[in-house]
Structure formats: structure tokens, C-alpha cells
Number of protein chains: 2
Amino acid sequence: MPRAVREQQMLDAAVETFAQRGYGAASMDEIAVVAGVSKPLVYLYLNSKEELFSACIRREAEALVAAVRGAVEPGARSAAQQLWCGLRGFFAHTAANPDGWAVLNNQARTQGEPFAREIAVMREEIIELVTRLIAAASREAGYDPELAGREVAGLAHALVGAAESLAGWANAPGGDSPTSKEAAATLMNFAWAGLENLMNGRHWSPAL
Amino acid sequence: MPRAVREQQMLDAAVETFAQRGYGAASMDEIAVVAGVSKPLVYLYLNSKEELFSACIRREAEALVAAVRGAVEPGARSAAQQLWCGLRGFFAHTAANPDGWAVLNNQARTQGEPFAREIAVMREEIIELVTRLIAAASREAGYDPELAGREVAGLAHALVGAAESLAGWANAPGGDSPTSKEAAATLMNFAWAGLENLMNGRHWSPAL
């Protein structure tokens with residue numbers, strides 16, 4: 001079996017084991033058993049538990065970013081529709097890959113450096129994409145994005161944080177969790193209405 | 001000096017040190033120096049670095065929840081105004097206590113159990129409060145919350161995730177970060193518009 005195929009099997013086994021046991025409790029023995037290979041082969045290919053974990057984070061982060069970018073599909077659609085497709089892509093991917101999402105959202109963030117840094121880089125990339133789409137949607141609607149650069153960036157940070165929180169809820173075991181489509185709809189209602197207000201210069205002001 | 005006062009000094013020093021060095025790199029020596037006490041006294045009062053860190057998380061989580069609850073002030077205000085006050089309280093508190101927020105949002109979450117569990121409990125408490133306020137606001141507006149239990153819970157998860165993300169951005173060093181008032185306004189525009197749509201049964205639907 002070619003090395004590349006074996007490595008993917010090891011990464012599949014590692015993502016599953018890290019997601020389910022947690023990084024600290026996951027053992028290289030168990031990962032080798034799940035992958036159906038010998039432990040020395042895992043060390044030969046991936047050096048250490050730290051490097052194996054980093055490789056898992058990189059693979060899962062790239063897959064998530066690719067799923068979101070792929071779902072966006074520029075083409076003839078409006079920026080608002082691209083945003084909707086990107087959100088659907090995000091929730092569909094995290095629902096279809098719960099172990100990968102757990103590695104990124106729970107495990108990698110909770111193990112300090114250098115892993116947290118890799119998550120921060122992925123997050124920045126997604127925030128940039130969302131900022132660009134929100135700015136394009138507000139341009140389409142005739143709203144001057146120069147005036148609202150910080151509002152657009154604020155909406156993008158809010159939207160990405162909201163998406164992470166909803167994906168965590170949607171993937172939580174048991175309970176009354178939404179489907180990935182419901183989560184996307186909740187967020188798009190949320191985001192779209194906020195965006196419309198922003199584009200129309202409407203602001204909620206407290207009557208205090 | 002009474003023990004309670006000394007302990008608060010140690011916790012002040014520990015929160016500052018954990019926020020700035022990170023949990024792993026922070027040393028009990030440095031914390032004792034910053035607190036102006038001897039290292040044996042820190043161990044006598046707080047036992048270990050783990051217990052000191054737990055005590056910091058508990059104190060900062062309680063202070064944050066108390067700040068949000070205190071800001072909400074039921075009284076005669078509408079639920080929408082209570083939500084606005086709660087958001088303002090959240091952003092004002094995290095801006096005034098950046099080290100405490102860094103301990104909760106960056107350090108405690110990134111050190112695995114038992115610390116992550118304490119953050120999850122605080123988060124659940126805030127999500128419950130926000131869910132209750134959103135449900136009350138939609139009742140005030142005549143929207144039947146029975147029909148929309150999951151939508152209300154979804155909005156609450158989205159809102160809390162968005163608030164965390166915006167507070168992280170607002171407290172990031174350098175860059176074009178918003179003030180706490182701007183962050184609250186961005187989020188309230190976002191939340192309020194989403195809530196209005198929910199209350200009016202309006203949904204964004206993609207024209208695909």
C-alpha cells in the first residue's frame with residue numbers, strides 16, 4: 001500500500017481517537033490499532049504524537065476552509081447568496097465531519113501552542129472571506145463600504161463567532177440540537193437582517 | 001493583613017500573570033513577586049498552581065456573570081432593553097478586565113479539564129439568561145415562543161458566540177478594534193434585527 005494512503009489511514013484513525021478520547025488521553029497504541037498498522041510505522045511516518053496532532057489539525061482545517069470556499073462558488077450569484085452558500089457549506093461540512101470539527105473546535109483550541117496558533121490562522125482566513133462577502137453584499141445594495149469598514153469587520157467577527165457557537169450546539173451529543181440546515185437558516189436570518197440594517201443605515205437605539 | 005485580603009492580592013497577581021504569560025509559562029515565583037508575598041504563603045493559601053488557576057477562573061467567571069446579571073436590571077424596562085443593557089454590561093466588563101477575560105476566553109479554555117468544564121458551566125448560565133430574555137422579548141412582541149423554542153435557543157447560541165468573538169476582537173492588541181460600546185451596538189443591531197424577523201415570522205430564503 002502506498003505511503004500516502006497509509007498516512008491518510010493513520011490520520012483518519014488519529015482524528016477519530018483525538019476527538020473521542022481528547023488529546024491528552026489519546027495514545028499512540030490506540031491510534032495504531034484503529035488504523036490497523038504497527039505503532040513503529042506510525043512513529044516512522046509521523047514522528048511524534050505532537051506532529052501527528054498538528055498534521056490532523058492541518059488536514060481538518062484545510063478541508064473545512066476548502067468546503068466553505070467551494071460552497072461559495074462565485075459565478076453569477078449575488079454576494080448575499082454566496083454568503084448563504086458558504087454558511088450552508090460550513091454547517092454541512094461540520095455536521096458530516098463531527099470528529100474533524102471536534103479536533104478543531106475543542107481539542108486544538110484547548111491544548112495551547114503551537115496548536116492554538118494554527119486554529120487562529122484558519123479563523124483569520126475565514127473572517128477575511130466573510131468580511132469580503134459582507135462588503136460585496138453591501139456594495140451590491142448601494143451602501144458605501146468605506147463608511148462602514150469597521151461595521152463590516154464587526155459583522156464578520158460576529159457571524160463567525162455565531163457560526164462556531166451554533167456548530168458546537170448542533171454537534172453536541174443529545175439535547176434539542178438543530179440540523180445543519182436549521183443552524184444555517186438561523187444564522188442567515190440573523191446575519192441578513194443585520195446586514196440589511198447596516199446597508200440601510202438603520203441602527204437599534206435603546207430608548208433609555 | 002487579613003487572610004481574605006491577602007488572597008485577593010494573590011488572585012489579582014495570578015490573573016495578571018496567567019493572562020500575560022499563559023498558564024504553562026506562568027510560575028508561582030513570579031506570581032508571589034507580583035503579589036508582594038512569599039512563595040510559601042501562596043502555597044499555604046492556595047495549595048498548587050492548578051488550584052490557584054481554578055480559583056482565578058471561578059472568581060473571574062463569577063464577576064463576569066454578576067456584571068451581566070447586574071446590568072440587566074429587570075425593573076420596568078422591556079426585555080429588549082434588558083438584553084441591550086446585558087450586552088453593554090458584558091462588553092464594558094470585558095474591556096475593563098482584559099486580564100480576567102483573557103484567563104476565561106484564552107487560558108482556561110485552552111488547558112483542557114477540569115478548567116474547560118468551569119468555562120462550559122459559566123457559558124451555559126449566560127446562554128440560559130439570554131434565551132430567557134429573547135423569549136421574553138418575543139412574547140412582548142406577541143410572537144408565540146412555544147412555536148419557536150428552538151429558534152429562540154438558536155438565536156441565544158448565535159448571540160453568545162458572536163459576543164465572545166467580538167470581545168476577543170475588541171481586546172486584541174493593536175489593530176482596528178472597536179470600543180466596547182461599538183461592539184455592543186454591532187451586536188445589538190445584529191441581534192435585534194434577527195429577533196424582529198423571528199418575531200414577525202420573516203425568514204431569509206435564498207433565491208436559488
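**Notes on the helix packing**

1. Let me start with a helix contact in chain B. On the α1(B) side, B:Leu11, B:Ala14, B:Val15 and B:Phe18 take part, and they meet B:Leu52, B:Phe53, B:Ala55, B:Cys56, B:Arg59 and B:Glu60 of α4(B). Sorted by class, this contact holds eight nonpolar and two charged residues, with no polar ones. Please keep in mind throughout that the model is predicted.

2. How do these two helices cross?

3. Next, have a look at α2(B), residues 28-35, where B:Ile31, B:Ala32 and B:Ala35 are buried. Viewed down the helix axis, the buried residues of α2(B) fall within an arc of 100 degrees, so they line one face of the helix. Their cover includes α1 (3-21) and α3 (39-46) of chain B. Just after α2(B) comes B:Gly36, with a positive phi of about 70 degrees.

4. Helix α6 of chain B, residues 98-107, deserves a paragraph too. This helix is mostly covered, with seven of its ten residues buried. The buried residues in α6(B) are B:Gly100, B:Trp101, B:Ala102, B:Val103, B:Leu104, B:Asn105 and B:Gln107. Which helices cover them? Among them are α1, α4, α5 (79-96), α7 (115-140) and α8 (149-170) of chain B.

5. Now to the core. In soluble globular proteins, nonpolar side chains tend to be buried together. Here the largest nonpolar core has 126 residues, and A:Leu187 and B:Leu187 touch the most other members. Setting aside neighbours within four places in sequence, A:Leu187 is in contact with A:Leu87, A:Ala162, A:Ala163 and A:Leu166, and also with B:Ala158 from chain B.

6. Finally, some overall figures for chain A. The chain has nine helices and zero strands, and 48% of its 208 residues count as buried. Of the contacts in chain A between residues at least 6 apart in sequence, 64% join residues at least 24 apart.

Methods
Residues numbered from 1 in each chain as written. Chains lettered and ligands numbered in written order. Predicted model: local features only at pLDDT ≥ 70, side-chain atom pairs only at ≥ 80, totals over all residues. Buried ≥ 20, exposed ≤ 12 C-beta atoms within 10 Å, placed from the backbone. Helix = DSSP H or I, 4+ residues; strand = E, 2+ residues; numbered from the N terminus. Arc of directions from axis to C-beta. Contact = placed C-beta atoms within 7 Å. Core = buried A, V, L, I, M, F, W, Y, C linked by C-beta atoms within 7 Å. Nonpolar A, V, L, I, M, F, W, Y, C, P; charged D, E, K, R; others polar.
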